[in-house]
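I set down each term with its cut-offs where I use it.

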Amino acid sequence: MASLFKDPSKLSVYRDRRFPGTQEEFEAALLASLTVYVGNMSFYTTEEQAYELFSRAGEIKKIIMGLDKNTKTPCGFCFVLYYSREDAEDAVKYISGTMLDDRPIRVDFDWGFEEGRQWGRGRSGGQVRDEYRTDYDPGRGGYGKMVQKELEAQRELVDYGVGFQTNAPPQFDRADRKRGYGDRNDRGDYQRRRSAPDMARRATDSDSKRDANQEPVLTSSTFSFPPLHRHKTFIEYSMVSCTGKESQVSRER
Amino acid sequence: MCSKVISPNSIIETYETLLSSAATILDEDAGNPSWQPRADFYVYCILASLPWGGSELFEQAPDELERVLVGIQSYISIRRHFDDIAFSVFETDEGNSPNKKDFMEDLWERMQLLSRNGWKVKSVPKPHLSFEAQLVVGKSHRFHPVSCPPPTFTMSSSEILKGQEKHEANLKYPQRLRRLHIFPTNKAENMQPVDRFVVEEYILDVLLFFNGCRKECAFYLVSLPVSFRYEYLMAETIFSQLLLLPNPPFRPIYYTLVIIDLCKALPAAFPSVVVAAVHALFDRISNMDTECRTRLILWFSHHLSNFQFIWPWQEWANVKGLPKWAPQRVFVQEVLEREIRLSYFEKIKQSIEDAAELEGLLPPKAGPNFRYHTDESKESTEGHRISKELVSMVRGRKTTRDIILWVEEQIVPANGTKFAVDVVSQTLLDIGSKSFTHLITVLERYGQIISKLCPDEEMQLLLMDEVSAYWKNSTQMTAIAIDRMMGYRLISNLAIVKWVFSPANVDQFHVSDRPWEILRNTVSKTYNRISDLRKEIQTLRKSIQVAKEASAKAIKELEEAKSILEIVEGQPVSSERPGRLRRLQGFADKAKEEEVTIEESLEAKQALLARGLEEGKELLRLLFKSFVDVLTERLPPVSADGDVPNLRAGDPNVTFPASDPEAATMEIDDENGADNNSDAHAGT
């Protein structure tokens with residue numbers, strides 16, 4: 001009777017633009033898929049958290065974290081591969097819309113993981129949605145990238161070029177830097193410095209859109225900070241280079 | 001049937017058909033009593049329809065109805081009473097009547113009450129009443145007669161076959177509801193027995209038919225066509241499904257979702273009912289089946305993770321003072337463990353601020369426990385050196401073969417295999433310690449080293465000791481590591497069972513879910529492997545059909561082409577173009593090849609399935625034997641005259657075996673065991 005309310009052939013309203021094939025092929029892939037896409041995750045959600053939750057729908061074969069292209073750290077999505085179709089269906093049925101790490105996640109059938117799909121497709125390296133969103137989301141790096149750049153550019157204007165005010169690095173343990181955390185901030189600074197003049201021009205256009213009085217007080221410390229009591233680092237994934245390859249051995253349980 | 005749309009006599013006829021088939025099934029000679037579940041189902045169909053049409057039947061065909069009811073009474077008296085304690089959520093009766101009614105007897109009683117009550121039902125809507133005038137003068141229809149399949153006979157009277165048949169019958173006609181009384185009678189809603197039954201049916205139907213449609217499911221659950229409240233009944237029914245043994249019709253996670261949705265749909269009423277249910281179940285947890293306890297733990301932790309882990313923990317703070325093995329304490333401990341898995345340590349610690357004593361129940365915070373961690377202050381042993389070398393080989397992308405050679409030629413001769421297993425396994429685990437993906441990557445790339453070092457059970461047991469030591473601060477990673485090693489066939493399922501039942505782990509049985517989680521995973525994986533093979537075989541069978549058809553078609557086309565002849569110089573000669581003949585021959589050959597390949601695959605899979613089934617049997621045998629051994633060591637013996645001691649009632653004649661380490665540990669726990677853990681956590 002559930003089919004009276006749901007169209008069983010329309011599995012997902014999302015249509016991946018990079019799918020190489022027709023709409024029918026896309027739908028056929030979804031119908032046979034053992035992979036689910038998980039979205040709206042926090043950057044800090046770990047594989048182990050996802051493992052605990054998603055294993056309640058069935059035995060997990062693999063988890064592939066979505067990574068920022070530049071920093072190789074999680075950027076808020078992942079793929080969960082199951083051994084059986086029923087388990088994937090149960091994951092979509094029962095987990096989508098519920099909480100993981102205090103965030104409502106979205107679970108959808110995915111047309112099939114391929115090497116390269118673990119990278120964010122946004123210009124800044126993360127997901128596209130984090131490029132353009134305007135809300136402040138502490139679990140996903142604070143403001144969206146475009147908003148961040150504009151705000152920085154605004155700051156630049158005010159500073160009359162008295163040295164570039166770098167953002168203080170997030171409060172991670174110094175010791176963890178050795179664990180391959182990477183020179184995330186340094187690279188970021190370089191990018192900002194390079195694009196500052198362009199940003200300055202754009203900032204004047206968008207100034208009129210913002211009512212400065214309504215903006216929350218912005219200091220460097222409000223940019224992309226993790227909740228203070230976490231004290232966690234991101235897991236660095238550059239060593240695990242073949243996350244995508246399906247090996248012969250791992251096809252079976 | 002109301003308003004004469006269906007003739008009452010045709011309904012009665014249907015009832016009588018069902019009833020006589022049911023009676024036949026129960027007959028030793030004419031039927032097959034092992035199929036009582038089917039007979040019960042037929043009678044259930046009759047009884048379940050009485051709330052809906054009983055009063056009309058009573059009005060229009062009272063004598064016939066009476067006959068049917070008498071027939072049901074005799075059916076109830078000849079059927080076998082169903083009393084399987086293995087499927088009860090709570091072990092002891094707790095003061096319920098000793099002659100507890102089973103489902104059918106209970107249902108019959110409710111309908112008897114209904115008939116004595118003038119067939120008045122509050123929970124059945126009567127939409128036809130507004131159309132009564134038109135319906136009464138309209139056409140009357142006959143209900144088509146139903147035919148029941150004849151009972152299957154068994155020639156053999158072997159107990160095993162009878163047992164298999166009963167199992168088959170139970171699978172086909174499962175009992176839908178095993179009523180769970182959670183709330184005291186003064187708290188829950190009071191309704192007529194028949195109304196309770198009807199509302200339970202409504203709820204089960206909605207859960208069944210709207211599975212997969214969250215919004216509609218919640219909507220219909222909260223808007224049933226009854227005029228009285230039923231939140232408590234709804235909670236009892238949903239929990240009874242969640243805790244249904246052996247398995248509910250849907251995955252337990254479904255019921256988690258339903259409860260979340262109901263809490264959101266009825267924010268003023270339902271959450272408090274859920275809280276009351278949890279408290280009531282918690283109070284009786286020592287009496288609860290252990291599988292049900294586990295389900296409750298998994299449900300509760302998942303539920304709280306959807307509501308920011310808010311819970312009045314201070315009401316349970318006293319469990320810290322209970323002995324380590326006390327079910328309530330273990331329950332709280334395991335819920336906290338799962339909550340941490342779903343979020344992280346600090347968050348859960350914060351959530352139990354108001355019950356700071358419970359911090360002692362939290363698992364350790366620290367991560368891996370690497371024996372060969374290079375620390376400037378510590379001395380560097382041989383193990384440290386070897387470990388470092390292995391790490392650099394891995395980083396340098398040396399092949400597995402090279403590393404195996406290095407281990408076999410340089411490490412084993414000097415230090416022995418056990419040491420090699422120790423260092424290699426700990427080091428590889430450490431390389432793969434950052435995340436689940438890191439672990440499986442290491443196991444995929446370098447697992448062969450481990451399997452070379454651990455070809456037999458003895459070494460595999462050692463391996464598991466190492467895994468357990470490395471991940472002693474994380475039950476989740478211990479379970480995952482062992483599970484994946486079994487997946488990559490580095491450890492056999494039998495070895496895992498042996499390891500779980502080794503003394504060190506048996507000591508954990510009552511104080512932690514750790515060994516049980518590993519055991520569950522092992523049994524699951526064994527079973528899943530078998531069902532995967534079954535599915536593959538099914539798919540291959542279908543492919544063979546397709547391939548056979550394609551092959552036959554290709555051959556037919558070829559033959560047809562070949563048979564096109566013409567007379568040349570008095571001799572029949574093929575007149576088809578040679579090019580086309582060659583092509584068709586090629587197709588036919590290829591199709592045949594394809595068919596043969598699939599057949600070979602099928603044979604291979606069937607062989608694997610046969611082996612898998614044997615493995616499964618061996619696993620079950622080992623499991624049962626292990627339980628028997630462990631229990632025999634600890635149970636008092638059967639008395640000389642064959643009397644089984646009554647352990648529950650505190651029989652003074654029961655003497656436990658003299659050297660009972662369990663009893664000794666329990667006494668100590670009463671005094672200091674409860675505090676042992678808190679010292680370890682004082683620093684966090």
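I took the domain bounds from an automatic or database domain assignment. The model is predicted, so that local features need pLDDT of at least 70 and side-chain atom pairs count only at pLDDT 80 or more, while totals for chains, interfaces and linings use all residues. Residues are numbered from 1 along each chain as its sequence is written, chains are lettered from A and ligands numbered from 1 in the order in which they are written, and side-chain values use heavy atoms, with hydrogens and water left out.

Entry 1, domains of chain B. I noted domain 1 (8-172), domain 2 (193-361), domain 3 (382-491) and domain 4 (502-561 + 578-634) in chain B. Over C-alpha atoms, the centres of domain 1 and domain 2 of chain B are 33 Å apart.

Entry 2, domain 1 against domain 2 in chain B. I looked up contacts (heavy atoms within 4.5 Å) and found 23 residues of domain 1 of chain B touching 21 residues of domain 2 of chain B. I then looked up the buried area, which is the accessible area (1.4 Å probe) that two parts lose on being put together, summed over both. These two domains of chain B bury about 1,900 Å² between them, with 61% of it on carbon and sulfur atoms. I counted zero salt bridges between domain 1 and domain 2 of chain B; the rule asks for a side-chain nitrogen of Lys or Arg within 4 Å of a carboxyl oxygen of Asp or Glu.

The rule finds eight salt bridges across the interface of chain A and chain B. I looked up the one between Lys525(B) and Glu59(A), whose closest N and O atoms are 2.6 Å apart.

I found the C-alpha atoms of His510(B) and Trp325(B) separated by 5.2 Å, although the two are 185 residues apart along the chain.
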